[in-house]
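Reader: I would like to learn how to read the helices, strands and contacts of a model. Please take one feature at a time.

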Amino acid sequence: MIALPETAPTDVVTAEGLDTGVSCFPSREQYHDLVASFRDDGFELLADLCAVDYLTHPGRQLPDGVTPERFEVVVNLLSLSKKVRARIRVQVPENDPRVESLFDLYPGVEAMEREAYDLFGVLFDHHPDLTRILMPEEWEGHPLRKDYGVGRVPVQFKEAPGPR
Amino acid sequence: MSDPTYRTIERADLLTAETSEGPQELKPRAQTATDELAREVGAVLRLDGRTLDPSSIDIERRDDETMIINMGPSHPSTHGVLRLMLELDGEVVLRTKPVIGYLHTGMEKTGEELSYVQGATNVTRMDYLSPINNELAYSMAVEKLLGIEVPERAVWIRMMMSEINRISSHLVWMATNGMDLGSTSMMIYGLRERELILAFFEKTAGLRLNLNYVRPGGVAADLPDGWQDDVTVICDTIDARTYEYDQLLTGQPIFRDRMIGVAPMTAEEALALSVTGPLLRSTGVPWDLRRTMPYLAYDQVEFDVIVGTYGDNFDRFAIRLNEIRESIKIVRQCVEMMPRGDYRTQDPKVTPPPRARIDESMEALIHHFKLFTEGFHVPVGEVYSAIESPRGELGCYIVSDGGPKPYRIHVRAPSFVNLQAVPLLMRGGLMSDTITVISTVDPVMGEVDR
């Protein structure tokens with residue numbers, strides 16, 4: 001497991017990931033500062049950002065000191081110089097699903113944050129243009145949430161379940 | 001009509017009346033926040049040390065000097081259903097906004113409903129030009145979660161098929177790029193050579209496009225009899241033909257004029273925009289996951305990482321042309337060094353039993369039945385596995401809750417991320433160069449929209 005950057009906020013919970021140098025579990029307040037410290041520490045590329053909806057796993061296993069929330073925003077950083085990856089998982093509560101945007105650190109995160117907003121309804125503060133990206137503009141709901149029903153085409157026979 | 005604000009509002013009404021897309025559209029300057037304006041002309045302009053200078057994003061321009069036009073989504077040069085909104089000043093492109101989602105079919109949602117056995121059939125349809133690479137990223141993620149080792153032969157078969165697929169993907173790129181630039185003969189040649197590869201895929205996997213060949217635990221079938229000859233013929237033919245493409249295109253004056261020095265990008269800009277693959281390498285960054293963070297057996301074969309200098313269209317063309325040659329080099333080494341043994345893991349929980357065993361063994365029948373009804377259970381965890389696809393870093397993030405279906409499957413599609421470079425590359429270029437820019441960025445819309 002690699003050490004956190006020196007400028008990282010104190011008390012960030014870390015754990016060893018299956019495939020990464022380090023997995024971090026910052027709070028929402030620490031999130032932006034932590035990513036900034038990673039960027040200054042030579043993590044040049046933000047490889048991926050996505051959200052996960054843990055609706056059916058409220059009591060899932062997380063390291064001590066991390067309160068599980070419904071949503072999780074997962075960021076994968078990549079250092080070209082050190083050839084190592086770092087993963088940052090920030091918990092986002094259901095009743096206030098917003099985190100700070102990373103756009104000012106990595107402009108390339110723009111489309112990925114829009115995708116997370118579109119499909120999960122997680123809001124990113126200070127994102128320049130937080131609109132739907134994959135779904136049509138007038139679409140209602142956020143399709144990748146676990147409580148969003150998968151559509152069915154109604155068929156005409158007796159035992160068929162109706163549209164959800 | 002001399003009041004400029006009055007005119008802007010009138011124009012805005014006109015725009016919204018004609019289209020239905022609403023806020024995704026490129027809006028007139030008067031209605032666009034400075035931040036967003038900066039992003040639309042190239043997000044990297046807001047990087048450190050390059051604080052927002054109003055003149056650098058032409059903020060002084062008034063709306064009556066420019067024109068917003070729509071390109072796509074059904075346009076022959078957009079390689080699918082990509083829609084671009086362009087702001088033009090005469091022939092010069094000022095702002096570009098890609099509008100995507102026309103091919104969105106919810107594949108990540110579908111992936112949550114399919115078992116791990118079925119999952120490969122889903123991911124293979126994302127980047128339809130390099131299906132093997134999609135399956136590979138997915139299978140490697142599942143195997144990491146399961147903690148199983150893949151037999152040596154399966155590793156080499158995967159590597160060889162992945163490289164053959166890279167050749168075919170780059171050939172399609174050469175073909176479509178040629179067509180975009182008016183060289184229709186290149187289009188015919190590229191598709192002709194690809195046909196050799198598709199025929200080999202059909203012989204090996206039974207299918208030509210969406211192969212479902214690489215699966216968790218190994219590959220679907222062993223290589224067919226006489227595969228060495230087939231692969232050698234493919235290598236020899238395409239290797240010789242790359243020199244014909246060289247003659248046809250590289251020295252061609254019209255082609256050079258439209259490619260050299262057009263739409264350059266610096267390494268700093270590419271990294272800031274998370275751009276990977278040939279686009280990043282064209283700026284001079286020698287980053288190729290096959291070499292820098294090797295997976296499969298790429299540390300045992302010899303090949304060169306092709307790097308450009310200027311990050312312009314021509315560099316991107318030259319990199320792809322030479323990557324075909326490097327891939328041929330790897331494939332030849334695979335033919336020589338292919339080990340014997342199993343082509344899939346012998347763990348009965350992951351791999352279905354051979355057909356003949358089902359008739360004679362009750363245990364095999366049960367395993368077969370369980371595997372194809374319920375699927376295998378994967379331990380709790382989350383994993384991100386990345387490979388170098390022909391378009392860049394293709395990552396697969398899987399969250400497992402211990403059940404037979406992934407709790408969340410996310411694919412980091414290189415085309416989706418690389419598309420963000422389009423506004424930057426087009427800025428200040430000519431309208432006719434937009435075609436070459438889209439072409440050399442090489443987005444596959446199936447992967448962008450998923």
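**Reading the features**

Author: A helix can be checked by its length, and helix α6 (residues 152-180) of chain B has 29 residues that, at 1.5 Å a residue, should span 42 Å; its end C-alpha atoms are 42 Å apart, which agrees. Note that this is a predicted model.

Reader: Is α6(B) enclosed or open, and what follows α6(B)?

Author: Burial is read residue by residue. In α6(B), 25 of the 29 residues are buried, so this helix is largely enclosed by the rest of the structure. Just after α6(B) comes B:Gly182, with a positive phi of about 90°.

Reader: How do I read the packing of two helices, for instance α7(B) against α8(B)?

Author: Take the angle and the distance between the axes. Helix α7 (residues 184-205) and helix α8 (residues 227-250), both of chain B, pack at about 170°, and their axes are 11 Å apart. An angle over 145 degrees counts as roughly antiparallel, and α7(B) and α8(B) are therefore roughly antiparallel to each other.

Reader: Which residues make the contact between α7(B) and α8(B)?

Author: From α7(B) they are B:Ser185, B:Met186, B:Tyr189, B:Glu193, B:Leu196, B:Ile197, B:Phe200 and B:Lys203. From α8(B) they are B:Asp230, B:Ile234, B:Thr237, B:Ile238, B:Arg241, B:Tyr245, B:Leu248 and B:Leu249. By class, this contact of α7(B) with α8(B) has ten nonpolar, two polar and four charged residues.

Reader: Now the strands. What should I look for in a hairpin such as that of β2(B) and β3(B)?

Author: Look at the pairing, then at the turn. Strand β2 (residues 83-89) of chain B pairs with β3(B) in the antiparallel sense, over seven bridges. As one position in this pairing, B:Leu84 stands opposite B:Pro98 of β3(B). Two residues lie between the strands of the hairpin, where B:Gly90 takes a positive phi near 65°. Burial can be read here too: seven of the eight residues of strand β3 (residues 92-99) of chain B are buried, so this strand is largely enclosed by the rest of the structure.

Reader: How is a sheet described, and in what order do β6, β7 and β8 of chain B run?

Author: In chain B, three strands form an open sheet in the order β6-β7-β8, with antiparallel pairing. Its edge strands are β6 and β8 of chain B, each of which pairs on one side only. From one strand to the next, the twist averages 10°. Between β6(B) and β7(B) there are nine bridges, in the antiparallel sense. B:Ile387 has B:Leu394 of β7(B) as its bridge partner.

Reader: Which helix packs on this sheet?

Author: That is helix α5 (residues 131-146) of chain B, which touches β6 and β7 of chain B. The direction of α5(B) makes about 150° with that of β6(B). As for the side chains of a sheet, in a regular strand they alternate between its two faces.

Reader: How do I read the interface, and how many residues of chain B are in contact with chain A?

Author: Count the residues on each side, then ask which elements supply them. In this model, 44 residues of chain B are in contact with 31 residues of chain A. Elements of chain B that each supply at least two residues to this side include α2 (34-40), α3 (107-113), α10 (267-272), β7 (392-400) and α16 (414-418). The largest share, five residues, comes from β6(B). The residues on this side of chain B divide into 18 nonpolar, twelve polar and 14 charged.

Reader: What elements does chain A have, and in what order do they run?

Author: Chain A has two helices and seven strands. From the N terminus on, its elements run β-β-α-β-β-β-β-α-β. The C-alpha trace of chain A spans about 65 × 35 × 30 Å along its principal axes. Of the 164 residues of chain A, 45% count as buried.

Reader: Is β3(A) mostly covered or mostly uncovered, and what does β3(A) pair with?

Author: Strand β3 (residues 45-53) of chain A is mostly covered, with nine of its nine residues buried. Eight bridges join β3(A) to strand β4 (residues 71-79) of chain A, and the two run antiparallel. A:Cys50 has A:Val74 of β4(A) as its bridge partner.

Definitions and conventions. Residues are numbered from 1 along each chain as its sequence is written. Chains are lettered from A and ligands numbered from 1 in the order in which they are written. This is a predicted model: local features need pLDDT of at least 70, side-chain atom pairs count only at pLDDT 80 or more; totals for chains, interfaces and linings use all residues. Axes are lines fitted to C-alpha atoms, for helices over the stretch in contact, and angles run from 0 to 180 degrees between N-to-C directions. Helices (H or I, at least four residues) and strands (E, at least two) are DSSP runs, numbered from the N terminus. Angles under 35 degrees count as roughly parallel, over 145 as roughly antiparallel, 65 to 115 as roughly perpendicular and the rest as oblique. Two residues are in contact if their C-beta atoms, placed from the backbone, lie within 7 Å. Ala, Val, Leu, Ile, Met, Phe, Trp, Tyr, Cys and Pro count as nonpolar, Asp, Glu, Lys and Arg as charged, and the others, Gly among them, as polar. A residue is buried if 20 or more other C-beta atoms lie within 10 Å of its own, exposed if 12 or fewer, and partly exposed in between; C-beta atoms are placed from the backbone. Two strands pair if DSSP finds at least two bridges between them. The expected span of a helix is 1.5 Å times one less than its number of residues.
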